[in-house]
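User: Hello! I would like to learn how to read a protein model. Could you walk me through one, feature by feature?

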Amino acid sequence: MYLIAGATGNVGRHVVTGLLDAGEPVRALTRDPATADLPAGAAAVATADAATALDGVTAVFVHAVVFHDLPGFLAAAGEHGVRRVVTLSSQASTTPGNPIGDLHLYLEERIEESGLEWVHLRPGAFAVNTLAWAGQIRGDGVVRLPYPDAQISAIHERDIADVAVRAFLTDDLVGTRPVLSGPESLRMADQVRLIGDAIGRDLTTERIDVKVARDAMVGGFVTGEMADWMLSAQARTVAEGAEVSPETERILGRPGRTFADWAVEHAADFA
């Protein structure tokens, strides 16, 4: 039995589907099981009841914003016979000292201290993050960005999930921290263009002041410090480009899905 935290999230939902497709039993943690709309075969459990959902579980999928008491959950997992943890971490963990990386490093360190087997997946930017532009695209078709020429090697959320499923079903990745990315470095302006191609509209970008962009980013999970770090990273990639990691293709045995693929799949979200 596999316990998937954040089972209705952008990655978790695909992990659930991938394990079910492989014929594996899945217990899915979600804030509200009644509205989760999970694939048939997944047993939905409220996140608040995570510690009581561990009976028969051999491996769990976790990420940074699920558990208020991660050490306590990990201790309970070990007591119930859980053997492996697959972590949705972040590429930011490769550069300690930034707030996003520090949050995920804390997660990784607590898991390693638990004594359980672990695999820490470190994806960079998610393609699905561009859904934040949907309102502007549906409106006047102009996406306002501080750095339209910033480059991103955005990864399809299903590729992250496919790697997670492999980390569960084989021992190949135990004790590793693979950095995952999409197969290409694209300017944000090119991402906007590809979304336009997918929905049959000519979309454009407009440069805005960095402070305006920062103010729009801060709120909820994103602190001012996080926003500053993300904007600095964007500025650097204007000249340097974005890292394209070979790990996604090496692990999956095929090239990662392109952003153009993602845009076609999600066209309805922007139309």
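**Reading the model step by step**

Analyst: Gladly! Let us begin with charged side chains: D149, R187, D190, R193, D197 and R207 are linked in a network of salt bridges. Please keep in mind that this is a predicted model.

User: What is the general idea behind such a link?

Analyst: Side chains of opposite charge can pair when their charged atoms come close. In this structure there are 23 salt bridges.

User: Which residue forms a salt bridge with R84, and how far apart are the closest N and O atoms?

Analyst: The partner of R84 is E117, with 2.9 Å between the closest N and O atoms. R84 sits in strand β5 and E117 in strand β6 (residues 117-123), so this pair ties together parts that are 33 residues apart in sequence.

User: Where do I find another example, say with E112?

Analyst: Look at R177, whose side chain meets that of E112 in a salt bridge, at 3.1 Å from N to O. R177 belongs to the loop between α5 (157-169) and β9 (179-180), while E112 belongs to helix α3, so the pair ties together parts that are 65 residues apart in sequence. R177 counts as partly exposed because its relative accessibility is 37%. E112 is also partly exposed, at 29%.

User: And which residue does R110 pair with?

Analyst: R110 forms a salt bridge with E109, and here the closest N and O atoms are 3.8 Å apart. R110 is buried, with a relative accessible area of 18%, whereas E109 is partly exposed at 38%.

User: Let us move on to rings. How should I describe a pair of them?

Analyst: A pair of aromatic rings is described by the distance of the centres and the angle of the planes. This structure holds 3 aromatic pairs. One of them joins F259 and W262: the centres are 5.4 Å apart, the planes are at 25 degrees, and the pair is stacked.

User: Where do F259 and W262 lie?

Analyst: Both are in helix α10 (residues 259-265), 3 residues apart, which is about one turn of the helix. F259 has a relative accessibility of 3%, so F259 counts as buried. W262 is buried as well, with a relative accessible area of 0%.

User: Now helices. Which residues of helix α2 are buried?

Analyst: In helix α2 (residues 70-79), the buried residues are L70, F73, L74, A76 and A77. Looking down the axis of α2, you find them within an arc of 160 degrees, so they line one face of the helix. Among the elements that cover them are β1 (2-4), β4 (59-63), β5 (84-88) and α3 (99-113). After α2 comes G81, which has a positive phi, near 90 degrees.

User: What should I look for in helix α1?

Analyst: The buried residues of α1 (residues 12-21) are G12, V15, V16, G18, L19 and L20. They pack against β1, β2 (26-30), β3 (42-46), β4 and α5. G23 follows α1, and its phi is positive, near 80 degrees.

User: Finally, how is the protein divided into domains?

Analyst: Domain 1 covers 2-123, and domain 2 is made of 125-155 + 182-243 + 257-270. Taken over C-alpha atoms, their centres are 27 Å apart.

User: How many residues are in contact between domain 1 and domain 2, and what area is buried there?

Analyst: On the domain 1 side, 12 residues are in contact with 10 residues of domain 2. The buried area is about 900 Å², and carbon and sulfur atoms give 80% of that area. P99, I100 and P123 supply 47% of what domain 1 buries against domain 2, more than any other three residues.

User: How many salt bridges are found across that interface?

Analyst: Between domain 1 and domain 2, the rule finds 0 salt bridges.

Definitions and conventions. Residues are numbered from 1 along each chain as its sequence is written. This is a predicted model: local features need pLDDT of at least 70, side-chain atom pairs count only at pLDDT 80 or more; totals for chains, interfaces and linings use all residues. Side-chain values use heavy atoms; hydrogens and water are left out. Rings of Phe, Tyr and Trp (its six-membered ring) pair if their centres lie within 6.5 Å; planes under 30 degrees apart count as stacked, over 60 as edge-to-face and the rest as tilted. Helices (H or I, at least four residues) and strands (E, at least two) are DSSP runs, numbered from the N terminus. Buried means under 20% relative accessible area, exposed over 50%, partly exposed in between (1.4 Å probe, protein chains only). The arc is that of the directions from the helix axis to the C-beta atoms. Contact means heavy atoms within 4.5 Å. Domain bounds come from an automatic or database domain assignment. Buried area is the accessible area (1.4 Å probe) that two parts lose on being put together, summed over both. A salt bridge is a side-chain nitrogen of Lys or Arg within 4 Å of a carboxyl oxygen of Asp or Glu.
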